[in-house]
Amino acid sequence: MMKREDNVLSLLNKRQSGQSRCQAMSDFNILRILMTKSENRSFIDGGYTFFQGDMRYGDGKVIVKDLFNKDMVCLDIINSSDSKNFRKLWSLSSKPRWEDHHIVSAPLPSHLRPPQPHEAHKPYLLVLRADNRLQRFSLERGGLTQEISLLGSDHHGYRFTEMLHDLQRHWLVLSSIKVKKPSSGFKSFMIFEYTTLEFLYHFEVCKSVFGNSVQDANVFGGLLLILHNNSKIELFSIDEVIKADNVTEARGCDINVLLRARPPCLFQVQSHHHHLELNMNPWLYIRAWSDQEFSLHRLDSDCLLQFFGVVADGEKEDHLEFCPDHPTKLLRYGSAGFNVYHISGEGKKVELQFQRNHPISKESQKDKSQSSSSRPNRRVKRTDSYYEKNSDSINHVMYDYENELNIFGLMFYSESMDDNEDVTSLLTLIKQIDLYDNNFKLLRTVPLDIVHQRSAMDMRCNISLTLDRDLILITVKTSLKSSLYIYRNVENQGDQSCVNRRFQIKAVMCM
């Protein structure tokens, strides 16, 4: 078992660094079985660490900001033997400020072969700095392997602050802050090939082309989205923007796409707070009517399929979204709970619902008595899934999706006040994580015992969940500092003490 497991992980690591592509699905299937069904394996406490700001994870490593010297530090959490003192691989100066950064550890696309210049075939870190420099660093050593200056002769005062990976085009899209100079564009976008960082396009969004009501713009999924101040969203094909008639030669990263006229509008919709989610196969979209009301439509005809709003007993919607990698499913979360729907031509069908912290599957619903309500209760963003107010606590549920293993994880936690003598504090108790397959059948329950205490004056607390193969990472971020808790799926040692561990998994085999 251990030998086969080591072979699986070794193959996965080789493929991740661009060295191998064979047996990908088979390896992931074996690892999924080891994680979710093996009675000889458990998730155990892998330690914790404190840092400042946000955490970025990838390839078994995390990038965090040191609490003391303010440098950006890379910690190796997957190969560290001491769970209370993770191995520090390297550190980089946080000045000029890091506007955005990405850890890239995916295999090379099919049209590229290793080795690549600038070690692009190995895991690396992309950093976008406040002085308009795009840098590539070796993730293992922290050495600078490539640097691109985004400043050009026609810079127009743009400062790029965001990076986005467009999976469909294999693009790295940089977006600038909005400017209000009448003599220049409103916002600027720069596009690179994602792996090689070859410069492709640079263009402006101008109010003279798209109208004075333009409030913001985004590039995503082969589309240019124009957001107007009346909640209207217009969608344009990016191919119409970068067509040959608009492209000119330019030096360096200067503007080389000139939008002289407004492209044909593919689609437009009005949505509360510009909330719009698109789905392919089937072609559907979700628009918002208010903070709690959403509707599902066909993209080709605007036909209303379902409306999700305030229901008879006063429950409200908080968010509705398409399920990752499963376009025929909808996820709904809010004060009513966490619900999964299957969408078909006959309408929606509930597959899973959580209400008052108790999961109800579609199979168990059939066994309910007739006195139970037959009305089905109906979230990048990972926020509270639902809350239940009672005398002293608020309950929450949130989810994450591990796309390589095709596993969903639902995490349960509560927040309450702790009155201890003259000191009042806020307690966050993270209760458990349930692992589900792509049909939302329960695979395993991972009980946790994380108690996070903070001052009652610190009302800000953001919790995130990350699943990566055989790791579970939980981040608790407050105003003062952030805490990272790590759990590893390892083989049991076979002694009696291991059976009684606090973090032992109770396996739930799905029939």
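**Entry 1: a term before I start.** I count a polar contact as a pair of N or O atoms within 3.5 Å; within protein, one must be able to donate a hydrogen and the other to accept it. I needed that for H102, whose side chain reaches the backbone oxygen of M163 at 3.4 Å. I also remind myself that this is a predicted model.

**Entry 2: confidence.** I looked up the pLDDT and found a chain average of 81, with 79% of the residues scoring at least 70. Residues 311-315 fall below 50, and I noted ten contacts in the model for this stretch beyond near neighbours in sequence. Residues 495-511 are also below 50, and that stretch has 36 such contacts.

**Entry 3: the whole chain.** I find six helices and 33 strands in the chain. Of its 511 residues, 51% are buried. The accessible surface comes to about 24900 Å², and carbon and sulfur atoms hold 49% of that.

**Entry 4: H102 again.** Is H102 buried or exposed? My cut-off for buried is under 20% relative accessible area; H102 has 16%, so I file H102 as buried. Leaving aside neighbours within four places in sequence, I see H102 in contact with R56, Y124, L125, L126, M163, L164 and Y194.

Entry 5: I traced an open sheet of four strands in the order 5-6-7-8, with antiparallel pairing. Which strands stand at the edges? They are strand 5 (98-104) and strand 8 (144-149); each has a single partner strand, so one side of each lacks a neighbour in the sheet. The twist from one strand to the next averages 15 degrees. I then checked strand 7 (residues 133-138), which is joined to strand 8 by five bridges and runs antiparallel to it. Across that pair, L134 stands opposite I148.

Entry 6: Strand 19 (residues 294-298) pairs with strand 20 over four antiparallel bridges. I marked H297 and L304 as bridge partners there.

**Entry 7: strand 3.** How many residues of strand 3 (residues 72-76) are buried? I get five of the five, so the strand is largely enclosed by the rest of the structure. M72, C74 and D76 point one way, V73 and L75 the other. I looked at the pairing too: five bridges join strand 2 (residues 61-65) to strand 3 in antiparallel fashion, and V62 stands opposite L75. The two strands form a hairpin with six residues between them, and K70 in the turn has a positive phi of about 70 degrees. Strand 3 also pairs with strand 4 (residues 87-92), antiparallel, over five bridges. In strand 4, I noted S91 as the bridge partner of V73.

Terms used:
Residues numbered from 1 in each chain as written. Predicted model: local features only at pLDDT ≥ 70, side-chain atom pairs only at ≥ 80, totals over all residues. Heavy atoms only, no water. pLDDT = per-residue confidence, 0-100. Contact = heavy atoms within 4.5 Å. Pairing = 2+ DSSP bridges. Axes fitted to C-alpha atoms, helices over the stretch in contact; angles between N-to-C directions. Buried < 20%, exposed > 50% of the residue type's maximum accessible area, 1.4 Å probe, protein only. Areas by Shrake-Rupley, 256 points an atom, 1.4 Å probe, with all protein chains shown as cover.
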